[in-house]
Amino acid sequence: MLTGATGTVASLVARQLAASGHRLTLTGRSVPRDPSPHGPGGGNGPGSGRRPDVRHVVCDYDRPASLVEAFRGADAVLVVTNDPTRPQHDRNILRAAVDSSVGHIVKLSAAAVHDPAADDLVTTWQRENEDRIRNSGIPWTMLQPRSFMTHALAWAPGIRAGATTEALHPHSRNACIAPEDIAAVASRVLGDAAHHGRSYRLTGPQALSAHDQTRILADLLGRPLTCRALSRDAARRAYLRRYPPATADALLAGAERQAAGAKSATTETVERLTGRPPTTFAQWAAAHLHHFT
């Protein structure tokens with residue numbers, strides 16, 4: 001069972017697990033336009049017929065009763081939620097997992113939970129989620145990644161229109177990770193008792209700044225790009241275009257911790273669990289370069 005199945009990580013996990021022959025239930029607030037776990041043109045796409053071992057269930061995470069039926073019979077659940085202003089979603093998902101006797105919960109959390117200086121809304125929410133799962137009686141595994149490399153996609157319009165990127169503290173570094181690597185780890189540990197009671201901090205192979213990432217994109221695109229520093233006020237206005245005020249303030253707090261060096265450490269966890277080195281930003285950007293052209 002994968003929650004948040006239309007999101008980045010869960011959809012990648014679905015693709016990997018379906019290719020391995022697992023039976024999957026994918027839950028979300030809507031069914032994806034192309035519901036194939038293999039992506040466009042895959043086995044479940046429009047006109048191609050649905051795979052009998054993959055089902056999509058629309059769930060209202062505000063209604064626990066709707067979740068219990070969807071979760072029934074699940075051996076393991078990947079829990080992916082993305083709204084710290086709605087903590088009831090995580091509580092309801094866990095309640096349904098308990099009521100359905102799920103055998104294993106893998107929670108997508110965040111590396112910041114280990115930072116004693118992190119007390120913002122997002123980190124506090126994830127800590128509370130982890131504590132609730134640990135006390136649920138269900139075997140658990142925590143995945144705690146750094147920032148996703150896909151955050152660079154927010155620069156795509158500026159790169160196409162004006163050859164610029166923007167960032168608060170553009171020289172501060174983050175050991176960002178490719179979502180594909182998070183999905184590879186999740187696919188490996190989901191339902192595997194060897195990973196019960198484990199927390200895994202996941203990072204990319206190196207800590208990069210927005211300036212570093214801009215330079216890499218410029219090299220791949222074959223044209224100059226400029227990384228422009230944002231003021232705190234400008235960065236907050238940019239966040240507010242996508243998030244509620246409390247979440248925007250949490251992201252600003254995270255940027256300040258990054259500027260202080262709190263997010264630059266790397267781990268070898270991805271390679272240890274998957275058997276291959278983590279994806280570099282240059283590799284990820286090359287695979288997604290069409291977004292920037």
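The side chain of Thr274 comes within 3.3 Å of the backbone oxygen of Arg276. That side chain also reaches the backbone oxygen of Val270, at 2.7 Å. The model is predicted.

- Thr274 belongs to helix H10.
- Thr274 counts as buried because its relative accessibility is 14%, and the cut-off for buried is under 20%.
- Leaving aside residues up to four places away in sequence, Thr274 touches Ala184, Val185 and Arg188.
- Thr274 and Ala183 lie 91 residues apart in sequence, yet their C-alpha atoms are 10 Å apart in space.
- Arg272 is also found in H10, which covers residues 269–274.
- Arg272 is exposed, with a relative accessible area of 59%.
- The C-alpha atom of Arg272 is 9.7 Å from that of Val185, and 87 residues separate the two along the chain.

**Helix H6**

- H6 spans residues 179–189.
- Nine of its eleven residues are buried, so H6 is largely enclosed by the rest of the structure.
- Among the buried residues of H6 are Ala183, Ala184 and Val185; Ala184 and Val185 are also contacts of Thr274.
- Pro179, Asp181 and Ser187 of H6 are buried too.
- Gly191 follows H6 and has a positive phi, near 80 degrees.

**The nonpolar cores**

- The largest nonpolar core has 29 residues.
- Leu2, Val13, Leu78, Leu143 and Leu202 have the most contacts inside this core.
- The elements giving two or more residues to this core include strand S1 (24–28), strand S4 (105–108) and strand S8 (198–202).
- A second, separate core has 22 residues, including Leu208, Ala210, Cys227 and Phe281.
- In soluble globular proteins, nonpolar side chains tend to be buried together.

**Thr165 in strand S6**

- Thr165 sits in strand S6, residues 164–167.
- Thr165 is buried, with a relative accessible area of 1%.
- The side chains of Thr165 and Thr214 are joined by a polar contact of 2.8 Å.
- Beyond residues up to four places away in sequence, Thr165 touches Trp155, Ile159, Thr214, Thr226, Cys227 and Arg228.

**Cysteines**

- The structure holds zero disulfides.
- The closest cysteine sulfur to that of Cys227 belongs to Cys176, and because it is 13 Å away, it is too far for a bond.
- Cys227 counts as buried, at 18% relative accessibility.
- Cys59 is buried as well, with a relative accessible area of 3%.

**Rings and charges**

- The structure holds one aromatic pair.
- Lys107 lies over the face of Trp125, 5.8 Å from the ring centre.
- Arg134 has its charged end over the ring of Trp140, at 4.8 Å from the centre of that ring.

Note on methods:
Residues are numbered from 1 along each chain as its sequence is written. This is a predicted model: local features need pLDDT of at least 70, side-chain atom pairs count only at pLDDT 80 or more; totals for chains, interfaces and linings use all residues. Side-chain values use heavy atoms; hydrogens and water are left out. Helices (H or I, at least four residues) and strands (E, at least two) are DSSP runs, numbered from the N terminus. Buried means under 20% relative accessible area, exposed over 50%, partly exposed in between (1.4 Å probe, protein chains only). A polar contact is a pair of N or O atoms within 3.5 Å; within protein, one must be able to donate a hydrogen and the other to accept it, and residues adjacent in sequence count only if both atoms are side-chain atoms. Contact means heavy atoms within 4.5 Å. Rings of Phe, Tyr and Trp (its six-membered ring) pair if their centres lie within 6.5 Å; planes under 30 degrees apart count as stacked, over 60 as edge-to-face and the rest as tilted. A charge sits over a ring if NZ of Lys or CZ of Arg is within 6 Å of the ring centre and within 35 degrees of the ring normal. A nonpolar core is a set of buried Ala, Val, Leu, Ile, Met, Phe, Trp, Tyr and Cys residues joined through side-chain atoms within 4.5 Å. A disulfide is a pair of cysteine sulfur atoms within 2.5 Å.
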